[in-house]
Amino acid sequence: MRKHYSLRYFTKQAMTGLWRNGVMSVASVAVLMSCLVVLGCFALLLININVNLENVAQLNQIVVYCEYDLDADAIEEIGSQIEEMDYIDSVTHVTKEDALETLREQSGEYEALYNDITPENNPLSDSFEIIYKGTDETEVFDLEAQLRSIEGVRKINSVYQVAKTLDGLKNGVMLVCVWFLAILFVVSIFVIINTIKLAVYSRRSEISVMRYVGATNWFITLPFILEGVLIGVFASLIGFAIETYIYNYVEKMALADLQMISVLGYGKIAIPLFFGFLVIGVITGIIGSVASLRKYLKS
Amino acid sequence: MIDFKHVKKFYPNGTVALDGVDLHIDDGEFVFIVGHSGAGKTTMTKLLLREEAVSSGSLIVGNYNLTKIKNREIPYYRRELGVVFQDFRLFPNKTVYENVAFAMQVVGTPRSMIKRRVPAILSTVNLADKIKCFPRELSGGEQQRVALARALANNPKIIVADEPTGNIDPKMSIEIMNLLMKINKLGKTIIVVTHEKNLVDYYKQRVVMLGDGKIIEDRVGGMFE
């Protein structure tokens, strides 16, 4: 005879189990959801650090600012000295007039603020934008030292330092993230194990009758595994909603206040993030259920 | 056919629950298993239900050799049995219909067949008019009849009743026993584990008496002595 097992039966049993152990079910969803939100935050932070790091690293650039009161000859001399140095790929002279023009263009609607500045009272100084060839840290530090030692150089802005700082930040975030998540996932698996154990305990008489009338192990355990899956699904859906809110808030804040940081649009990462949450949530739920039923399945 | 061949059962704490039991029960027989507390009745029931495995000897029930049965085969073996417990073990939040249907549902019986079969079984145990009642609305005897209906749900060849009248009054006990006799007449093998002398003496069926894990008497038409 063909067997008729309905998905509705299993889903109903799983939902009943969740409902009966309401507090533990909510705790399981909350802990797993927190894990997913934290995981999402770390992942999005890492992605954005990478994006910014790529932007920065592509430049491979050092900007050398001259003293304010140098005459044209002195500035030209600085340019010549830079060109003679090792590792230099290209040198672009940016006059203080060019710098003012660029600043004016970048100001957008506030351009009028610069109307009063004339070539005579321009507060900016000439600079040289250098693209270097070497990527070795020693070579870059050597080049930076040589540039600082040139007479008439006021300061240098090395993007290398920013890139290095961001890279260090990325590694630090990654390390904290891995440990933090490992702990959180262990905690959430334990909470799920307890929830499922409670569900099994509350239905022990039902299970014993099921066994006596010949229910197979998978028939008995499937609702509990489904319960774990539902915990994972609920946690991932709520977690995704919270993550969306957080990211949009941070994105707006970054765009408004921290214009130098580029933030990846949420549209590009929402779908992979959603499926990532769902897969991790469901797998964690299944691991928790199977772990709590392992002993039971053996008996 | 049920065949115990020199069956021994030891528990880890050293208790010898069954000590070389030889017993043959043919299809369609009605057998009382009697004995005082600690005689081995419960262990015999547990072995029959394959809740416990035999320590030595062999136990064959129908086409299943319970000495060699694999864990994954046990559910299919249990479908050959119907079990009735002293404490009924009904689901309080399910109606009479749902309690009986549940046994069929867990073995994957089609819904249409469940709808047809459950009322018929409930008629057999004289509970057709209680189909929508919950267990709390029934007397002890009626609850035991629901349990009996559930045991019959999957059309088993053997019914094992463990102290089926232990929780009900004498009048209801007669009713339950009469039903078991009626079911026996339909060709099912009935094994009733009990320590109720009056019932055993009244029905004069085969009586297997256990004492200290051994069969001390096996008599057709016997009495509880």
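B:Glu175 is partly exposed, with 27% relative accessible area. Keep that residue in view; I'll start from there. One reminder before that: this is a predicted model.

What does B:Glu175 pair with? The partner is B:Arg145, in a salt bridge whose closest N and O atoms are 2.9 Å apart. This pair joins distant parts of the chain. B:Glu175 sits in helix α6, residues 170-185, and B:Arg145 in helix α5, residues 140-152. They are 30 residues apart. Is B:Arg145 buried or exposed? B:Arg145 counts as buried, because its relative accessibility is 7% and the cut-off for buried is under 20%.

Next pair. B:Glu52 forms a salt bridge with B:Lys9, and here the closest N and O atoms are 3.4 Å apart. B:Lys9 is buried, at 7% relative accessible area. B:Glu52 counts as partly exposed, at 24%.

Third pair. The side chains of B:Arg219 and B:Glu217 meet in a salt bridge, 3.1 Å from N to O. B:Arg219 is partly exposed at 37% relative accessibility. B:Glu217 is partly exposed too, at 23%.

There is also a network. Which residues does it link? B:Glu29, B:Arg206 and B:Asp218 are joined by salt bridges. For the whole structure, the search finds 12 salt bridges over all chains.

Now the backbone. Two residues in chain B deserve a look. B:Phe88 has a phi near 65 degrees, a positive value in a residue other than glycine. Where is B:Phe88? In the loop between β6 (81-84) and α3 (96-105) of chain B. B:Phe88 is buried, with a relative accessible area of 9%.

B:Asp212 also has a positive phi, near 50 degrees, and is not a glycine either. B:Asp212 lies in the loop between β9 (206-211) and β10 (214-219). B:Asp212 counts as exposed, because its relative accessibility is 68% and exposed starts over 50%.

Last, chain A. Chain A is divided into domain 1, which covers 7-56 + 164-298, and domain 2, which covers 61-133. How far apart are the domain centres? Taken over C-alpha atoms, 52 Å separate them.

How values were computed
Residues are numbered from 1 along each chain as its sequence is written. Chains are lettered from A and ligands numbered from 1 in the order in which they are written. This is a predicted model: local features need pLDDT of at least 70, side-chain atom pairs count only at pLDDT 80 or more; totals for chains, interfaces and linings use all residues. Side-chain values use heavy atoms; hydrogens and water are left out. Domain bounds come from an automatic or database domain assignment. A salt bridge is a side-chain nitrogen of Lys or Arg within 4 Å of a carboxyl oxygen of Asp or Glu. Buried means under 20% relative accessible area, exposed over 50%, partly exposed in between (1.4 Å probe, protein chains only). Helices (H or I, at least four residues) and strands (E, at least two) are DSSP runs, numbered from the N terminus.
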